[in-house]
Protein chains: 4
Amino acid sequence: MKQYVAIIGPGATATTEDCRNARDAAALLAADGATIVSGGLGGVMAAATEGAASAGGITVGLLPGPDRSSGHPDLTVSIPTGLGELRNGLVVRSVDCVLAVGCSWGTLSEIALAVRTGVPVVSLGGWDLPHDDGLRTASDVEDAVAAVRAVLAGP
Amino acid sequence: MKQYVAIIGPGATATTEDCRNARDAAALLAADGATIVSGGLGGVMAAATEGAASAGGITVGLLPGPDRSSGHPDLTVSIPTGLGELRNGLVVRSVDCVLAVGCSWGTLSEIALAVRTGVPVVSLGGWDLPHDDGLRTASDVEDAVAAVRAVLAGP
Amino acid sequence: MKQYVAIIGPGATATTEDCRNARDAAALLAADGATIVSGGLGGVMAAATEGAASAGGITVGLLPGPDRSSGHPDLTVSIPTGLGELRNGLVVRSVDCVLAVGCSWGTLSEIALAVRTGVPVVSLGGWDLPHDDGLRTASDVEDAVAAVRAVLAGP
Amino acid sequence: MKQYVAIIGPGATATTEDCRNARDAAALLAADGATIVSGGLGGVMAAATEGAASAGGITVGLLPGPDRSSGHPDLTVSIPTGLGELRNGLVVRSVDCVLAVGCSWGTLSEIALAVRTGVPVVSLGGWDLPHDDGLRTASDVEDAVAAVRAVLAGP
C-alpha cells in the first residue's frame, strides 16, 4: 500500500536549517516510496517538494488559494483548494504521518489538528510545547526519518 | 454592526474552573449584544452556550458532525458542518475575536489558526506557549472580558 | 426540536415573482417556528431573509466570502465561510428540507446535492429537469409550503 | 504548464457505455499529458482512472471519505478529504476543464458548480438539461476529447 507523509513547516519564516532538513528528509522518505504531501508553497514546503523530486518521488501540494499559480513547479500534483487555512486540515487528514520541520502558527495549527485526530507527528526543530503527548521530538534528520519510518512500518 | 465572539476550549477535558469562566464570560459578552460562536459540543462549549443563553444572547454552534443531534439544546442556531475538525477553521473565520478558556489540542489548533489569520485571541487559563505574538493572556474573567471588549471596540 | 429549512434560489437573476414567492414562503415557515437558512446574499436569498424576519423568525446566512459585509442586514446569524461555492453544500447539509424558488446554476448545484444526499427538495418555479426522483414540484406558494410542512411533520 | 481535466460521472449507476467512453477519453487525454482528476471511486471514476493509467498518465482521486481505503488502486494520488459530497466542489475547482460522461445527481451537482464558477464543461451521454449555456454537448468520445483539447489549448 502506498504511504503518505506530510512535511509541514514555515513558509516565509523558514530558516536555512529548516529547509535543509526538510529537503533531506523528503529525499530519504521519497526514496522509500512515500508520497510527500505539503501545503505546496515556499520555505519548508518548497524544500520538501524539491527534496522528494530529486529522489524521483511523488509530491502533492494542497494549495490554500483558488488557482495553482502559487504552487511549486516540481509538484507532481497540485490541488488549488480555495479553502484558505482550512486546507491545513486536509493536509493532516490525507496522510499517515506528519513530519514538522521548524514551526510557525500555521504549522502549529497542523500539529495540533494531527494530535487531536490521532495522526502521528514527528517534530524536528520546532517550538518547545508544554505538552508532548502524541508528539515525537527528533534530534536530527536521521532521527526524524527513523521515527517516520517506524510509524509507517506500523505496530 | 453585530459582533461575533468565539468562545473556545476543551470539551470532555474542561475543568470546573474553565467551565465557570466560560459561562461567566459568555454571559457578560452576550449582555453586550455579542453573538457567541462555539464548536457546539460539551465542556467549555456548553458552558459558553449556557452562559450566553442565560443573558438572552444569541448562540451559534458549528458542529463537526453531519447532523445536529450532538448540539447543545440552548443553541439559537446549530450548523452540522460534517467537516470534522476542519470546522475549527470555520469557528475562527466567522468571528471578530476569539476567547480561549483552558486549552487542549483542538483548542490549540483554533488559537494557532486565529493568530495565523489575524483574528485577535484572548487566552484565559491556557497552555504556556513559547510564543505569544498575537495572543493576549488574561488573568481572570474580568480581565478577559475587558480584553475582548477592547478588541470589539476597535483601535 | 427546532427545524431548519433552506430557501435557495437565484441571486442577481431572480425574477420579481421568485422573490415574492420566497418572501411569502419564508414568512409562513418562520411563523411555524422554522429556522430559515440561505446563502445570505441577494435575490431569492434576500427575499427569504426579509420574509422570515417580518414574521419574527430566525434566519441564518452561510456566506461564500471570507467576511460578513456581503450578508443581508436582517440575518439573525451570518457565517462568512470563505468556502466560495462549496458553501452550497453546507447550506444543504444543515437543513431538514430545501425549498428551491426559481433556478440558476448555483441553485441547481444545491438541488442536486440535496437529492444526492437524501435531503428532501420542494421546487417552485424552477427548471424543468429530466429526472424528478427526490424532487417535489409545487404549483404555487401555498402548495410549496404545504409540501415543506409535510416533510417537517415526518412520515 | 501541466493541465488538469476532471472526468466525472455516475458511480454505481454508470452504464457500460459510460465506462467505455470514460476509459477511452481518459486514455487519450492522459496521453496528451493531462492529469486526470476524479472522485476516486467506482463506475465512471474507476474507468477514467484505469484509462489514464493504461496510457501512463497521472491520476488524482479526491475521495469523499476520511480514509483512502475506498480509492481506486490505480490512482497515482488519492486524497481522502472527509468532506462528503462537498468534495465535488474541490474536484471542479482543481481543474481546467470538466468532462462529464453520463449523469447522476452527484454528477449534475458538479456540472452545475462548474458552469456557476466558469470552469468549461463538456458533456457526453448526459441528461438533457433545459439550459446549456456554459455546456458543450459532445456526440461521441472523439468529439468530447476534441472539445476538451480545444479548451486546454485556450482561446
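Which are the buried residues of α2(C)? They are V44(C), M45(C), A46(C), A47(C), A48(C), T49(C), G51(C) and A52(C). Buried here means under 20% relative accessible area, exposed means over 50%, and partly exposed lies in between (1.4 Å probe, protein chains only).

1. **Ground rules.** This is a predicted model: local features need pLDDT of at least 70, side-chain atom pairs count only at pLDDT 80 or more, and totals for chains, interfaces and linings use all residues. Residues are numbered from 1 along each chain as its sequence is written, chains are lettered from A and ligands numbered from 1 in the order in which they are written, and side-chain values use heavy atoms, with hydrogens and water left out.

2. **Helix α2 of chain C.** The helix spans residues 44-54. Eight of its 11 residues are buried, so the rest of the structure largely encloses it. Helices (H or I, at least four residues) and strands (E, at least two) are DSSP runs, numbered from the N terminus. The cover over the buried residues of α2(C) includes the strands β1 (4-8), β2 (35-38), β3 (59-63) and β5 (97-101) of chain C. It also includes the helices α1 (16-31) and α3 (87-93) of chain C. Just after α2(C), G56(C) has a positive phi of about 75°.

3. **How chains A and B are related.** Chain A superposes on chain B by a rotation of 180° with 0.0 Å of shift along the axis (RMSD 0.0 Å). The two copies are thus related as by a two-fold rotation axis. In chain A, S109(A) has the C-alpha nearest the axis, 2.1 Å from it. Both copies use the same surface: 100% of the contact residues of chain A recur in chain B. The superposition is by least squares on the C-alpha atoms of residues with pLDDT of at least 70 in both copies.

4. **The A–B contact.** Chain A gives 25 residues to the contact and chain B gives 25 residues. Contact means heavy atoms within 4.5 Å. The two chains bury about 2,100 Å² between them, 75% of it on carbon and sulfur atoms. Buried area is the accessible area (1.4 Å probe) that two parts lose on being put together, summed over both. In chain A, the most area is lost to chain B by E85(A), L86(A) and W105(A), together 34% of what that side buries.

5. Two salt bridges are counted between chain A and chain B. A salt bridge puts a side-chain nitrogen of Lys or Arg within 4 Å of a carboxyl oxygen of Asp or Glu. In one between these chains, R116(B) meets E85(A) at 3.5 Å, N to O. E85(A), R87(A) and R116(B) are linked in a network of salt bridges.

6. **Which elements supply the chain A side?** On the side of chain A that touches chain B, α3 (87-93) and α4 (105-117) of chain A each supply at least two residues. α4(A) gives the most, with 10 residues.

7. **Salt bridges within chains.** The count over all chains is 19 salt bridges. In chain A, R149(A) and D32(A) meet at 2.7 Å, N to O. That pair links distant parts of the chain, 117 residues apart: R149(A) is in helix α5 (residues 141-153) and D32(A) in helix α1 (residues 16-32). R149(A) is partly exposed at 37% relative accessibility. D32(A) is partly exposed at 46%. In chain B, E50(B) pairs with R23(B), with the closest N and O atoms 3.4 Å apart. E50(B) lies in α2 (residues 44-54) and R23(B) in α1 (residues 16-32), so this bridge ties together parts 27 residues apart in sequence.

8. **A buried strand residue.** V37(A) sits in strand β2 (residues 35-38) of chain A. At 0% relative accessibility, V37(A) is buried. Beyond its neighbours within four places in sequence, V37(A) contacts residues including Y4(A), V5(A), V60(A), L62(A) and V91(A).

9. **A buried helix residue.** L152(C) lies in helix α5 (residues 141-153) of chain C. Its relative accessible area is 15%, and L152(C) is buried. L152(C) and Y4(C) are 148 residues apart in sequence and 8.8 Å apart in space, C-alpha to C-alpha. Leaving aside neighbours within four places in sequence, L152(C) touches Q3(C), V5(C), D96(C) and C97(C).
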